[in-house]
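This report describes the architecture of a single protein chain.

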Amino acid sequence: MTERITAEQFHAADGVADWRVLGEGACAWFRTGSFAAGLRLIRAIGELPGPDDHRPDVDLRSDGVLVRLVTLTADHYGLTRRDLDLARAISAVARELGVPGEPSGVQSVQVTVDALDLPTVTTFWRALLGYAYRAGSPEDLVDPHGRGPAFWFQRMDAPRPQRNRMHVDVWVPYDVAEARIAAALAAGGRLVTDAHAPSFWVLADPEGNEACVGTVGGKAV
(Lines give C-alpha, C1' and ligand atoms only; values in the text may rest on other atoms or scores of the structure.)
Protein backbone atom coordinates (compact mmCIF):
# COMPACT_ATOMS: atom_id res chain seq x y z
CA MET A 1 0.00 0.00 0.00
CA THR A 2 1.32 3.46 -0.91
CA GLU A 3 -0.96 5.58 1.28
CA ARG A 4 1.14 8.41 2.68
CA ILE A 5 1.45 8.77 6.43
CA THR A 6 2.90 11.42 8.70
CA ALA A 7 5.60 10.95 11.32
CA GLU A 8 2.92 11.40 13.99
CA GLN A 9 0.85 8.59 12.49
CA PHE A 10 3.89 6.35 12.29
CA HIS A 11 4.87 6.88 15.93
CA ALA A 12 1.28 6.40 17.09
CA ALA A 13 1.01 2.98 15.43
CA ASP A 14 1.44 -0.32 17.28
CA GLY A 15 4.47 -2.54 16.75
CA VAL A 16 7.03 0.15 15.88
CA ALA A 17 8.51 1.00 19.28
CA ASP A 18 11.98 0.18 17.90
CA TRP A 19 11.71 2.92 15.25
CA ARG A 20 12.12 6.69 15.11
CA VAL A 21 11.35 9.00 12.20
CA LEU A 22 14.37 11.10 11.23
CA GLY A 23 13.91 13.48 8.32
CA GLU A 24 11.64 11.74 5.82
CA GLY A 25 12.55 8.17 6.79
CA ALA A 26 12.06 5.79 9.70
CA CYS A 27 15.19 4.29 11.28
CA ALA A 28 15.91 1.49 13.73
CA TRP A 29 19.14 0.26 15.34
CA PHE A 30 19.22 -3.41 16.33
CA ARG A 31 22.08 -4.31 18.64
CA THR A 32 23.17 -7.77 17.53
CA GLY A 33 26.39 -7.98 19.53
CA SER A 34 28.27 -9.71 16.73
CA PHE A 35 28.81 -9.59 12.99
CA ALA A 36 27.41 -13.11 12.57
CA ALA A 37 24.20 -12.24 14.41
CA GLY A 38 23.88 -9.16 12.23
CA LEU A 39 24.13 -11.30 9.11
CA ARG A 40 21.38 -13.57 10.41
CA LEU A 41 19.13 -10.57 10.95
CA ILE A 42 19.81 -9.23 7.47
CA ARG A 43 19.05 -12.64 5.92
CA ALA A 44 15.75 -12.72 7.80
CA ILE A 45 14.88 -9.21 6.61
CA GLY A 46 15.74 -10.19 3.04
CA GLU A 47 13.33 -13.11 3.19
CA LEU A 48 10.36 -10.96 4.19
CA PRO A 49 7.65 -10.77 1.53
CA GLY A 50 7.35 -7.52 -0.36
CA PRO A 51 8.00 -5.89 -3.70
CA ASP A 52 11.59 -5.77 -4.90
CA ASP A 53 11.28 -2.05 -5.58
CA HIS A 54 10.67 -1.32 -1.90
CA ARG A 55 13.43 -2.79 0.21
CA PRO A 56 15.06 -1.18 3.26
CA ASP A 57 18.49 0.41 3.39
CA VAL A 58 20.61 -1.76 5.68
CA ASP A 59 23.96 -0.95 7.28
CA LEU A 60 25.76 -3.87 8.91
CA ARG A 61 28.32 -3.16 11.64
CA SER A 62 30.24 -5.39 14.00
CA ASP A 63 27.81 -4.78 16.86
CA GLY A 64 24.53 -4.03 15.16
CA VAL A 65 22.37 -3.35 12.13
CA LEU A 66 20.90 0.00 11.12
CA VAL A 67 17.74 -0.17 9.01
CA ARG A 68 16.13 2.78 7.24
CA LEU A 69 12.76 2.83 5.49
CA VAL A 70 11.57 5.49 3.07
CA THR A 71 9.35 5.54 -0.01
CA LEU A 72 10.92 7.23 -3.03
CA THR A 73 8.81 7.83 -6.11
CA ALA A 74 8.72 10.50 -8.79
CA ASP A 75 6.33 12.61 -6.72
CA HIS A 76 6.90 11.50 -3.13
CA TYR A 77 9.79 11.16 -0.71
CA GLY A 78 8.68 10.09 2.73
CA LEU A 79 6.70 7.50 4.62
CA THR A 80 3.80 5.40 3.41
CA ARG A 81 1.64 2.68 4.88
CA ARG A 82 3.87 -0.02 3.44
CA ASP A 83 6.86 1.45 5.31
CA LEU A 84 4.85 1.06 8.50
CA ASP A 85 3.95 -2.54 7.66
CA LEU A 86 7.57 -3.38 6.82
CA ALA A 87 8.82 -1.77 10.04
CA ARG A 88 6.47 -4.01 12.04
CA ALA A 89 7.65 -7.09 10.14
CA ILE A 90 11.33 -6.26 10.66
CA SER A 91 10.84 -5.71 14.39
CA ALA A 92 9.00 -9.02 14.58
CA VAL A 93 11.85 -11.01 13.00
CA ALA A 94 14.36 -9.19 15.21
CA ARG A 95 12.40 -10.29 18.27
CA GLU A 96 12.33 -13.86 17.01
CA LEU A 97 16.13 -13.76 16.75
CA GLY A 98 16.48 -12.22 20.21
CA VAL A 99 17.91 -8.97 18.83
CA PRO A 100 16.86 -5.85 20.78
CA GLY A 101 16.05 -2.56 19.13
CA GLU A 102 17.65 0.58 20.58
CA PRO A 103 15.83 3.70 19.40
CA SER A 104 18.41 5.98 21.03
CA GLY A 105 21.05 4.57 18.67
CA VAL A 106 19.77 6.36 15.54
CA GLN A 107 20.43 9.82 14.18
CA SER A 108 20.72 11.56 10.82
CA VAL A 109 23.18 14.31 9.90
CA GLN A 110 22.68 16.89 7.16
CA VAL A 111 24.88 19.79 6.07
CA THR A 112 22.99 22.99 5.28
CA VAL A 113 24.49 25.71 3.09
CA ASP A 114 23.01 29.21 2.79
CA ALA A 115 23.24 30.53 -0.76
CA LEU A 116 22.12 33.55 -2.76
CA ASP A 117 22.27 31.76 -6.11
CA LEU A 118 21.14 28.19 -5.50
CA PRO A 119 21.68 26.78 -9.02
CA THR A 120 25.32 27.86 -9.28
CA VAL A 121 26.20 26.88 -5.72
CA THR A 122 24.52 23.46 -5.88
CA THR A 123 26.20 22.75 -9.24
CA PHE A 124 29.62 23.28 -7.61
CA TRP A 125 28.91 21.05 -4.62
CA ARG A 126 27.35 18.36 -6.80
CA ALA A 127 30.53 18.18 -8.87
CA LEU A 128 32.84 18.32 -5.83
CA LEU A 129 31.07 15.62 -3.85
CA GLY A 130 30.02 13.38 -6.72
CA TYR A 131 26.47 13.64 -5.38
CA ALA A 132 23.14 13.64 -7.23
CA TYR A 133 20.00 15.72 -6.88
CA ARG A 134 17.41 14.09 -4.70
CA ALA A 135 14.36 13.12 -6.72
CA GLY A 136 12.00 16.04 -7.06
CA SER A 137 14.24 18.60 -5.36
CA PRO A 138 16.80 20.97 -6.92
CA GLU A 139 17.87 22.05 -3.43
CA ASP A 140 18.94 18.70 -2.00
CA LEU A 141 22.05 16.71 -2.86
CA VAL A 142 22.42 13.11 -1.74
CA ASP A 143 25.16 10.51 -1.93
CA PRO A 144 24.08 8.09 -4.69
CA HIS A 145 25.75 5.29 -2.70
CA GLY A 146 23.87 6.20 0.48
CA ARG A 147 26.97 6.67 2.62
CA GLY A 148 27.57 10.39 3.11
CA PRO A 149 25.33 13.02 4.74
CA ALA A 150 22.82 14.91 2.65
CA PHE A 151 23.49 18.52 1.67
CA TRP A 152 20.60 20.98 1.69
CA PHE A 153 20.82 24.44 0.15
CA GLN A 154 18.81 27.21 1.78
CA ARG A 155 18.10 30.37 -0.17
CA MET A 156 19.14 33.71 1.34
CA ASP A 157 17.49 36.99 0.41
CA ALA A 158 20.59 39.04 1.24
CA PRO A 159 24.20 38.41 2.35
CA ARG A 160 24.72 37.75 6.05
CA PRO A 161 28.43 38.41 6.66
CA GLN A 162 27.95 38.37 10.43
CA ARG A 163 27.05 34.66 10.43
CA ASN A 164 28.53 31.46 9.11
CA ARG A 165 26.75 30.33 5.98
CA MET A 166 27.15 26.60 6.59
CA HIS A 167 25.90 24.59 9.53
CA VAL A 168 25.12 21.01 10.54
CA ASP A 169 21.61 19.69 11.17
CA VAL A 170 21.44 16.72 13.53
CA TRP A 171 18.16 14.79 13.56
CA VAL A 172 17.73 12.72 16.72
CA PRO A 173 14.88 10.69 18.23
CA TYR A 174 12.30 12.94 19.87
CA ASP A 175 12.84 11.25 23.23
CA VAL A 176 16.59 11.90 23.40
CA ALA A 177 16.65 15.47 22.06
CA GLU A 178 16.73 17.24 25.42
CA ALA A 179 19.55 15.02 26.71
CA ARG A 180 21.57 15.66 23.56
CA ILE A 181 21.05 19.40 23.86
CA ALA A 182 21.96 19.38 27.55
CA ALA A 183 25.18 17.52 26.74
CA ALA A 184 26.08 20.06 24.04
CA LEU A 185 25.43 22.97 26.40
CA ALA A 186 27.47 21.32 29.14
CA ALA A 187 30.31 20.94 26.64
CA GLY A 188 30.53 24.70 26.17
CA GLY A 189 27.75 25.40 23.69
CA ARG A 190 24.98 27.95 23.99
CA LEU A 191 21.33 28.02 23.04
CA VAL A 192 20.66 30.44 20.20
CA THR A 193 16.90 29.88 20.10
CA ASP A 194 14.27 27.34 21.11
CA ALA A 195 11.44 29.25 19.46
CA HIS A 196 10.67 26.30 17.18
CA ALA A 197 11.03 23.52 19.76
CA PRO A 198 10.28 20.66 19.83
CA SER A 199 10.68 20.67 16.03
CA PHE A 200 14.21 22.05 16.30
CA TRP A 201 16.60 24.01 18.48
CA VAL A 202 19.48 26.20 17.27
CA LEU A 203 22.75 25.87 19.20
CA ALA A 204 26.19 27.39 18.77
CA ASP A 205 29.65 26.23 19.78
CA PRO A 206 31.94 28.47 21.91
CA GLU A 207 33.09 30.32 18.76
CA GLY A 208 29.60 30.89 17.36
CA ASN A 209 29.40 28.10 14.76
CA GLU A 210 25.75 27.07 14.64
CA ALA A 211 24.02 23.69 14.54
CA CYS A 212 20.38 22.66 14.62
CA VAL A 213 19.04 19.73 16.62
CA GLY A 214 15.80 18.53 15.08
CA THR A 215 13.12 15.98 15.85
CA VAL A 216 10.23 14.66 13.79
CA GLY A 217 6.84 13.55 14.95
CA GLY A 218 5.50 16.46 16.93
CA LYS A 219 5.91 14.78 20.31
CA ALA A 220 7.01 16.88 23.24
CA VAL A 221 10.18 15.66 24.91
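## Conventions

Two strands are taken to pair if DSSP finds at least two bridges between them. Helices (H or I, at least four residues) and strands (E, at least two) are DSSP runs, numbered from the N terminus.

The model is predicted: local features need pLDDT of at least 70, side-chain atom pairs count only at pLDDT 80 or more, and totals for chains, interfaces and linings use all residues. Residues are numbered from 1 along each chain as its sequence is written, and side-chain values use heavy atoms, with hydrogens and water left out.

## Overall architecture

The protein contains five helices and 14 strands. Its radius of gyration, taken over C-alpha atoms, is 18 Å, close to the 17 Å that the globule rule (2.2 Å times the number of residues to the power 0.38) gives for 221 residues, so the protein is as compact as a globular protein of that length. The C-alpha trace spans about 55 × 40 × 30 Å along its principal axes.

Of the 221 residues, 38% are buried, where buried means under 20% relative accessible area, exposed over 50%, and partly exposed in between (1.4 Å probe, protein chains only). Contact means heavy atoms within 4.5 Å. Among contacts between residues at least 6 apart in sequence, 62% join residues at least 24 apart.

Strands of a sheet pair through backbone hydrogen bonds, either parallel or antiparallel.

Three bridges link β1 to strand β2 (residues 25-31) in the antiparallel sense, and V21 stands opposite A26 in β2.

## Helix α2

The 12 residues of α2 reach 16 Å from first C-alpha to last, close to the 16 Å expected at 1.5 Å a residue; the expected span is 1.5 Å times one less than the number of residues. Residues A37, G38, L41, A44 and I45 of α2 are buried. They cover an arc of only 120° around the axis, which puts them on the same side of α2; the arc is that of the directions from the helix axis to the C-beta atoms. An α-helix has 3.6 residues a turn, so residues three or four places apart point the same way.

The cover over the buried residues of α2 includes β2, β3, β4 and α3. A37 has a relative accessible area of 10%, and its C-alpha atom is separated by 10 Å from that of A94, 57 residues away along the chain. The face of α2 turned away from the buried side carries the exposed residues R43 and G46.

Strand β7 (residues 108-115) runs antiparallel to strand β11 (residues 166-171), the two being joined by six bridges. In this pairing T112 stands opposite H167, and V109 stands opposite V170. β7 also pairs with strand β10 (residues 150-155), in the parallel sense over six bridges, where the bridge partner of D114 is Q154. Six of the eight residues of β7 are buried, so the strand is largely enclosed by the rest of the structure.

Strand β11 pairs in the parallel sense with strand β14 (residues 210-214) over four bridges. Within β14, A211 is the bridge partner of V168.

## Helix α4

Helix α4 (residues 118-129) has 12 residues that should span 16 Å at 1.5 Å a residue, and its end C-alpha atoms are 16 Å apart, which agrees. L118, T122 and W125 are buried in α4. They cover an arc of only 65° around the axis, which puts them on the same side of the helix.

The buried residues of α4 pack against β7, β8 (132-133), β9 (140-142), β10 and β11. On the other side of α4, P119, A127 and L128 are exposed. G130, whose phi is positive, near 70°, follows the helix.
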